[in-house]
Amino acid sequence: MSYLSPKEFVKDIIDLGESKISLSAKQTLISSYLAGAILALAAAFAISVSVNTGSVLLGAVLFPVGFIMLNLLGLDLLTGMFVTAPLAMLNHRKGVSINKIFKNWLWVFIGNFLGALSVVFAFSFFMTYGYSIEPNSIGLKIASIGESRTLGYAQYGLFGWLTVFIAGVLCNWMVSMGVVGSKVSKSVGGKAIAMWMPIMLFFYLGFEHAIVNMFLFPMAIAMGADFSLTEFFIWNEIPVLLGNLVGGLLLTGLPLYSLYAKKINSQ
């Protein structure tokens with residue numbers, strides 16, 4: 001059978017959380033660095049497609065290639081670890097504790113951010129011939145996105161902050177479904193289709209993903225956007241991270257765990 005039962009793929013998700021917590025800091029940094037860089041390139045690719053073709057839908061259809069690649073390689077995104085690690089702890093997996101989970105999340109955050117920033121430097125250098133020419137239409141589009149998703153939220157104060165938070169919740173509801181999708185099939189094709197569907201949905205609807213934003217907003221600043229890194233963190237990254245945690249855990253991880261974990265023997 002090419003597809004796994006819910007009991008089987010939920011067990012695989014719990015196993016994944018346990019295995020990731022057991023990695024050393026060095027292994028976690030390498031894995032998360034590569035994941036952040038690949039997702040950043042995918043975001044640059046999708047925006048480039050959208051600008052060059054005039055079709056946001058086409059950009060959304062193609063964006064999931066990055067998520068699919070990094071998951072097939074077994075790399076780490078913080079948004080995925082928001083789901084897998086807590087479920088491993090709930091299932092009483094040996095060596096998984098709240099302290100180790102927070103340490104893992106910190107290393108993954110750092111690795112994802114460094115990977116995304118590496119692509120910011122490389123892609124911005126590539127687009128401007130070493131910053132010797134003005135940004136092209138793609139760079140200007142990224143700058144406008146960055147301004148609208150920081151200053152655009154800031155003008156609404158608390159309600160703007162809550163809007164970003166909800167966009168983060170909805171985003172990682174879908175992204176965590178992509179993590180689940182990576183486990184529902186034994187074939188590469190089946191995994192790719194299952195991951196592609198929810199990732200395309202979140203990207204097209206404009207929900208907020210903390211790791212994508214680690215690339216998008218520093219890149220926007222590099223392209224001349226008029227906001228600061230402090231404004232980025234206050235009006236985007238922090239509420240998005242919190243929303244991603246809530247969305248992934250409360251809307252995907254815990255419901256699936258409550259439905260199927262009783263059938264899984266704790267190890």
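Me: Buried means under 20% relative accessible area, exposed means over 50%, and partly exposed lies in between. What is the relative accessible area of Lys-11 in this model?

Reply: This is a predicted model. The relative accessible area of Lys-11 is 29%, so Lys-11 is partly exposed. Asp-15, at 22%, is also partly exposed.

Me: How many salt bridges does the structure hold?

Reply: Side chains of opposite charge can pair when their charged atoms come close. Here there are five salt bridges. One of them joins Asp-15 to Lys-11, with the closest N and O atoms 3.0 Å apart. Both residues sit in helix H1 (residues 6-21); they are four residues apart, so about one helical turn separates them.

Me: Which other residue forms a salt bridge with Asp-15?

Reply: Arg-93 does, and the closest N and O atoms of that pair are 2.7 Å apart. This pair links distant parts of the chain, since Asp-15 is in helix H1 and Arg-93 in the loop between helix H5 (78-90) and H6, 78 residues away. Arg-93 is at 2% relative accessibility and therefore counts as buried. Lys-11, Asp-15, Glu-18 and Arg-93 are linked in a network of salt bridges.

Me: Which residue forms a salt bridge with Glu-208?

Reply: Glu-208 pairs with Arg-149, and their closest N and O atoms are 3.7 Å apart. The cut-off for a salt bridge is 4 Å, between a side-chain nitrogen of Lys or Arg and a carboxyl oxygen of Asp or Glu. Glu-208 is in the loop between helix H10 (188-205) and H11, and Arg-149 is in the loop between H7 and H8, so the bridge ties together parts that are 59 residues apart in sequence. Glu-208 counts as buried because its relative accessibility is 0%, whereas Arg-149 is partly exposed at 21%.

Me: Next, aromatic rings. Why is the pair Phe-121 and Phe-125 called tilted?

Reply: A ring pair is read from two values, the distance between centres and the angle between planes; under 30 degrees is stacked, over 60 is edge-to-face, and the rest is tilted. The structure holds 14 aromatic pairs. In one of them, the ring centres of Phe-121 and Phe-125 are 5.7 Å apart and the planes are at 50°, so this pair is tilted. Both residues belong to helix H6 (residues 98-128), four residues apart, which is about one turn of the helix. Phe-121 counts as exposed at 52% relative accessibility, while Phe-125 is partly exposed at 42%.

Me: Why is the pair Phe-217 and Phe-232 stacked?

Reply: The planes of Phe-217 and Phe-232 are at 15° and the ring centres 5.0 Å apart, so the pair is stacked. Phe-217 is in helix H11 (residues 210-222) and Phe-232 in helix H12 (residues 229-260), 15 residues apart, and the pair links distant parts of the chain. Phe-217 is buried at 0% relative accessibility. Phe-232 is also buried at 0%.

Me: Which residues is Thr-150 in contact with, leaving aside its neighbours within four places in sequence?

Reply: A contact list shows what packs against a residue from elsewhere in the sequence. For Thr-150 the list is Phe-217, Phe-227, Glu-231, Phe-232, Trp-235 and Asn-236. Thr-150 lies in the loop between helix H7 (137-148) and helix H8 (151-154), and counts as buried at 1% relative accessibility. The side chain of Thr-150 also reaches the backbone oxygen of Gly-146 at 2.8 Å.

Me: Is Val-108 buried or exposed?

Reply: Val-108 has 0% relative accessibility, so Val-108 counts as buried. Val-108 is in helix H6 and, beyond residues up to four places away in sequence, touches Thr-28, Ser-32, Asp-76, Leu-77, Leu-78 and Met-81.

Me: Last, the surface. Which residues make the nonpolar surface patch?

Reply: Leu-90, Trp-173, Met-177, Leu-250, Leu-251 and Leu-254 make a nonpolar patch of about 480 Å². Helix H9 (157-181) and H12 each supply at least two of the patch residues, and H12 gives the largest share, three residues. Met-177, in helix H9, is partly exposed with a relative accessible area of 34%.

Note on methods. Residues numbered from 1 in each chain as written. Predicted model: local features only at pLDDT ≥ 70, side-chain atom pairs only at ≥ 80, totals over all residues. Heavy atoms only, no water. Phe/Tyr/Trp six-rings, centres within 6.5 Å; stacked < 30°, edge-to-face > 60°. Buried < 20%, exposed > 50% of the residue type's maximum accessible area, 1.4 Å probe, protein only. Polar contact = N/O pair within 3.5 Å; in protein donor to acceptor, adjacent residues only side chain to side chain. Contact = heavy atoms within 4.5 Å. Patch = residues over 30% accessible without salt bridge, like charges linked within 9 Å, V, L, I, M, F, W, Y side chains within 5 Å. Areas by Shrake-Rupley, 256 points an atom, 1.4 Å probe, with all protein chains shown as cover.
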